[in-house]
Amino acid sequence: KEGVVQLPELHSHLKDPSRSAGKTIIPRERYKNAFALAFNKAGHLLLLDQSSQMVRVFDPKTGEQLRTFGKPSKEGWYDPEELSVPVSLAIDSNDKVWIVEQHFQPKRISRWSVDGKFEKDFMGPTHYGSGGIMDQGDRTVVNHLGMKFRIDYGERTWKLESRLLSY
């Protein structure tokens with residue numbers, strides 16, 4: 001109800017919440033639906049706001065929002081900075097931010113720099129039994145479950161180009 005609250009000691013709070021008053025560090029009106037929290041090496045609090053489909057970065061000492069990254073997803077040309085149903089966030093030992101999305105188009109985990117710059121997609125697995133249809137006029141295009149993928153045979157890579165429709 002109050003927002004993100006800093007507790008003096010979690011163990012004591014779990015035993016008897018009435019004895020350990022917390023301090024609200026991020027007021028509730030600054031976000032819609034906190035789904036995950038993590039601290040980076042600089043001590044900033046990253047809050048995964050599922051409703052707005054973005055990560056909000058706060059200074060926990062002042063409660064000030066420093067920046068946001070990620071943006072709501074939409075159909076059409078694929079933008080790797082869009083987040084579709086983000087459900088989890090973690091920060092690794094190199095201060096990289098990892099975001100898990102619980103969506104079918106695409107199934108994805110993304111990696112971001114600590115300052116919120118998109119770095120890389122990790123997509124998959126495919127639908128049971130795989131599938132997809134290669135475009136007869138352009139063998140670099142594969143359509144699969146409402147998504148259009150582009151294959152680069154020379155580089156031996158592929159990328160999601162657009163979401164044609166949403167399931």
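Okay, so let's start with Arg56. Is this residue buried or exposed? Arg56 has a relative accessibility of 12%, and it counts as buried because the cut-off for that is under 20%. Keep in mind that what you see on the screen is a predicted model.

So what does Arg56 do with its side chain in there? Its side chain meets that of Asp49 in a salt bridge, at 2.9 Å from N to O. And Asp49 is buried too, with a relative accessible area of 0%.

The protein has 167 residues, and 34% of them count as buried. In terms of secondary structure, we've got 1 helix and 17 strands. The accessible surface comes to about 10300 Å², and carbon and sulfur atoms hold 52% of that. If you look at contacts between residues at least 6 apart in sequence, 31% of them join residues at least 24 apart.

Now, the inside. In soluble globular proteins, nonpolar side chains tend to be buried together. Which residues make up the largest nonpolar core here? There are 12 of them: Ala36, Ala38, Leu46, Leu48, Val55, Val57, Phe69, Leu83, Leu89, Val97, Ile99 and Trp112. Four strands each supply at least two residues of this core, namely S3 (34–39), S4 (45–49), S5 (54–58) and S11 (97–101). There's also a second, separate core of 5 residues, including Ile26, Leu45, Leu47 and Phe58.

If you ignore its neighbours within four places in sequence, Ala36 is in contact with Leu46, Leu47, Leu48, Ser88 and Leu89. Leu47, by the way, is one of the residues of the second core.

Val100 sits in strand S11, and it counts as partly exposed because its relative accessibility is 31%. Together with Ile109 and Phe122, Val100 makes a nonpolar surface patch of about 200 Å².

Okay, back to charges. How many salt bridges does a search of the whole structure find? It turns up 12. Asp79 pairs with Lys71, and their closest N and O atoms are 2.8 Å apart. Asp79 counts as buried at 18% relative accessibility, whereas Lys71 is partly exposed at 33%. Then there's Glu82 with Lys74, whose side chains meet at 2.6 Å from N to O. Glu82 is buried, with a relative accessible area of 2%.

Some salt bridges share partners, and that's how Asp138, Lys148, Arg150 and Glu161 end up joined into one network. I'd like to follow Arg150 from here. This residue lies in strand S16 and is partly exposed, with a relative accessible area of 25%. Which residues does Arg150 touch, not counting those up to four places away in sequence? The list is Asp138, Thr140, Val141, Thr157, Trp158, Lys159 and Glu161. Two of those, Asp138 and Glu161, are also in the salt-bridge network with Arg150. For a sense of distance, the C-alpha atoms of Arg150 and Ser162 are 9.3 Å apart, with the two residues 12 apart along the chain.

Strand S15 covers residues 141–144 and strand S16 covers 147–152, and they pair antiparallel over 4 bridges. Within that pair, Val141 stands opposite our friend Arg150. The two strands form a hairpin with 2 residues between them, and Leu145 in the turn has a positive phi of about 50 degrees.

On to the following strand. S16 is joined by 6 bridges to strand S17, residues 157–163, and these two run antiparallel as well. Met147 has Arg163 in S17 as its bridge partner. S16 and S17 also form a hairpin, this one with 4 residues between them, and Arg156 in the turn has a positive phi of about 60 degrees.

Last stop, Gly131. Where is it? Gly131 lies in the loop between strand S13 (118–123) and strand S14 (133–134). This glycine is partly exposed, with a relative accessible area of 48%. Along the chain, Gly131 and His144 are 13 residues apart, and their C-alpha atoms are separated by 6.7 Å.

Note on methods: Residues numbered from 1 in each chain as written. Predicted model: local features only at pLDDT ≥ 70, side-chain atom pairs only at ≥ 80, totals over all residues. Heavy atoms only, no water. Buried < 20%, exposed > 50% of the residue type's maximum accessible area, 1.4 Å probe, protein only. Contact = heavy atoms within 4.5 Å. Areas by Shrake-Rupley, 256 points an atom, 1.4 Å probe, with all protein chains shown as cover. Core = buried A, V, L, I, M, F, W, Y, C linked by side-chain atoms within 4.5 Å. Pairing = 2+ DSSP bridges. Patch = residues over 30% accessible without salt bridge, like charges linked within 9 Å, V, L, I, M, F, W, Y side chains within 5 Å. Salt bridge = Lys/Arg side-chain N within 4 Å of Asp/Glu carboxyl O.
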